[in-house]
Amino acid sequence: MNIRTWRPRRIVCLMALGCCWLVGQTAPLPPTAQLLREVIAVDTSNPPGREAALAEMLAAKLRPLGFHIDIVPTPEEGKAHLIARLKGNGTKRPVLLAAHADVVGVEREKWTIDPFAGAVKDGYLYGRGAIDFKGGVAVFTRAVMMLAENQVPLDRDVILLVEADEEGGKYNTTWLAQDHWDKIDCEFSLNEGGWILKNDEGNVDYVSISTADKSSVSLLITARGTSTHSSMPLEDNAIFRLSKAMAKLADYQTKPFLIPSTRKFFATLAKVSPAPMSEHYQNIASSNDPVKITAADEAIGKHSPLFHALIRNTIAPVFLNAGFRGNVIPGSATATVNFRLIPGTDPEELRMEIAKVVAGEGIEVGYAGFVNLSPQEMEQRRQRTMSMRPSGEDTTLYQSLVKRAKETYPEAEVTPYLFNAGTDSIAWRVRDVPVYGIYPYPITDTDLMRMHGNDERVPVESLESGTRMIYNVLMDVAASQ
Ligand SMILES: [Zn+2]
């Protein structure tokens, strides 16, 4: 049998199963959905995470198939990273699939369905992490299991990493990479990131594969004044000074800054969107006319906060701190402002830009959270942020992702993408290992809104088509020719 592509026999088999799960919840689910149900049932809400239980559960499935298993516990009890390696002949360097095991917590009373039962309703599988990123754990795990089940000869090791502490905490992949880099070193890797976005008719409009992530920097704006009795106010009140500085920042907007992948992304949106947004997307992607760019920027900002964030360094105040007694005017007041940076941004240039915006008597702008770092350490951090370049579109992994996305979703456009937040792919990016990102299942905008929210869900069918796509990608990049 030809093992280069998904086996037709399996499709027939899945279709048969599909009929069963449409009829009733107790009927067996297709394989990836069944695995996702089991993965969701292991509650890894972070904090505390407790990913070790999930690592053990997956290891028990992978070990008998010939995977070499490494469970790396973190210093916190019950938390661990799982590294499962399927050996190849070593002709090529490994490919790594990374998916985080932890999920954000739930507001239980706001869910209409048990967030940890993996229940199926109307063709959707519900549960915390269904999209972010236990769906990815299930798809990546099923895809590598199929390589082993089908006894595919491999030119390179295929590594599955199921990670701890992506949603928060200290012991994430950056921690793992410090002492265990040899276990996760690879030629290229796949993580969460871009989207397979479906429209309301059920067709996939586009597949975006992230080639870069934004990075995060927080600045501390400090206002100083005289500390004295509140009965005798002075003109240099620190809280008023900070308020004026923050008002200036509220009225300020950074300029659009598009990297090549973002231009391609908006050119793709232009193709799949109705007027007038199609024209705005085209203008932001390729126009040189400042009037058209400004109009497009404004229209895009109103239309989508996500797209607004893709074309600029974003500004978000996150903490205010001032005062300690009702009868004392404090000598200082501070605001922490979080910025998400487009790759290529120099954090020091940004700090100077913001210092100019909020300038006033008694106002200083420094980095938040780095007070104890030496100038050399600060410089290292700056260099690290600036070194995180987008991953190339010329690798066999990226090219296979494009090819298999087009094959799996023939109606869709495929585009590179800048992911709007940070992910734990930073461990590879800082070491110059290409990382690509995808949530490997078609979902709609409405589904997407539930990620990190209530009644998170993923279409059962999407899990199976996503698994087919990822399996075929692994066949392209890892199977012996
Ligand atoms: Zn995630």
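## Close-up views of a predicted model

**View 1. Arg128, a buried residue in a loop.** Arg128 has 26 other C-beta atoms within 10 Å of its own, so this residue counts as buried. Everything shown here and in the views that follow comes from a predicted model. Look for Arg128 in the loop that runs between strand S5 (124-126) and helix H4. Leaving aside residues up to four places away in sequence, Arg128 touches Ile40, Ser45, Val103, Val106, Pro115, Phe116 and Glu456. For a handy distance to check, take the C-alpha atoms of Arg128 and Trp111: they are separated by 10.0 Å, and the two residues are 17 apart along the chain.

**View 2. Helix H16, enclosed by the rest of the structure.** How many residues does H16 have, and what does it reach from its first C-alpha to its last? H16 has 19 residues and reaches 27 Å, close to the 27 Å expected at 1.5 Å a residue. Of those 19 residues, 17 are buried, so H16 is largely enclosed by the rest of the structure. Two of the helices that pack against H16 are the subjects of the next two views.

**View 3. Helix H13 against helix H16.** The axes of H13 (residues 396-408) and H16 (residues 460-478) come within 9 Å, crossing at roughly 140°. With that angle, H13 is oblique to H16. The crossing of this pair is right-handed. On the H13 side, the contact is made by Thr396, Leu397, Ser400, Leu401, Arg404, Ala405 and Thr408. Their partners in H16 are Ser465, Arg468, Met469, Asn472, Val473, Asp476 and Val477. Sorted by class, the contact of H13 with H16 has six nonpolar, five polar and three charged residues.

**View 4. Helix H4 against helix H16.** Here the axes of H4 (residues 134-149) and H16 come within 9 Å and cross at roughly 50°. H4 and H16 are therefore oblique to each other. H4 passes H16 in a right-handed crossing. What is the make-up of the contact of H4 with H16 by class? It has ten nonpolar, three polar and one charged residues.

**View 5. Helix H2 against helix H4.** H2 (residues 31-41) packs with H4 at an angle of about 130°, their axes 9 Å apart. That angle makes H2 oblique to H4. The crossing of H2 with H4 is right-handed. Pro31, Thr32, Leu35, Leu36, Val39 and Ile40 come from H2, and they meet Lys134, Gly135, Val137, Ala138, Val139, Thr141 and Arg142 in H4. By class, this contact of H2 with H4 has eight nonpolar, three polar and two charged residues.

View 6. Pro47 and Pro48 are joined by a cis peptide bond, with omega at about 0°. Pro48 sits in the loop between H2 and helix H3 (52-62), and Arg50 lies in the loop between H2 and H3 as well. Arg50 has a positive phi of about 45°, although it is not a glycine. Is Arg50 buried or exposed? With 21 C-beta neighbours inside 10 Å, Arg50 counts as buried.

**View 7. Gln151, an exposed residue with a positive phi.** Gln151 is not a glycine, yet it has a positive phi of about 50°. Its place is in the loop between H4 and strand S6 (158-163). Gln151 has 10 C-beta neighbours inside 10 Å, so it counts as exposed.

**View 8. A cis peptide bond at Pro276.** The peptide bond from Ala275 to Pro276 is cis, and omega is near 0°. Pro276 is found in the loop between helix H7 (260-272) and helix H8 (277-286).

**View 9. Helix H12, largely in the open.** H12 (residues 375-387) has 13 residues and reaches 18 Å from its first C-alpha to its last, close to the 18 Å expected at 1.5 Å a residue. Of its 13 residues, the number buried is one, so H12 lies largely in the open.

Conventions: Residues are numbered from 1 along each chain as its sequence is written. This is a predicted model: local features need pLDDT of at least 70, side-chain atom pairs count only at pLDDT 80 or more; totals for chains, interfaces and linings use all residues. Helices (H or I, at least four residues) and strands (E, at least two) are DSSP runs, numbered from the N terminus. The expected span of a helix is 1.5 Å times one less than its number of residues. A residue is buried if 20 or more other C-beta atoms lie within 10 Å of its own, exposed if 12 or fewer, and partly exposed in between; C-beta atoms are placed from the backbone. Axes are lines fitted to C-alpha atoms, for helices over the stretch in contact, and angles run from 0 to 180 degrees between N-to-C directions. Angles under 35 degrees count as roughly parallel, over 145 as roughly antiparallel, 65 to 115 as roughly perpendicular and the rest as oblique. A crossing is left-handed if the near helix is turned anticlockwise from the far one by less than a right angle, and right-handed if clockwise. Two residues are in contact if their C-beta atoms, placed from the backbone, lie within 7 Å. Ala, Val, Leu, Ile, Met, Phe, Trp, Tyr, Cys and Pro count as nonpolar, Asp, Glu, Lys and Arg as charged, and the others, Gly among them, as polar.
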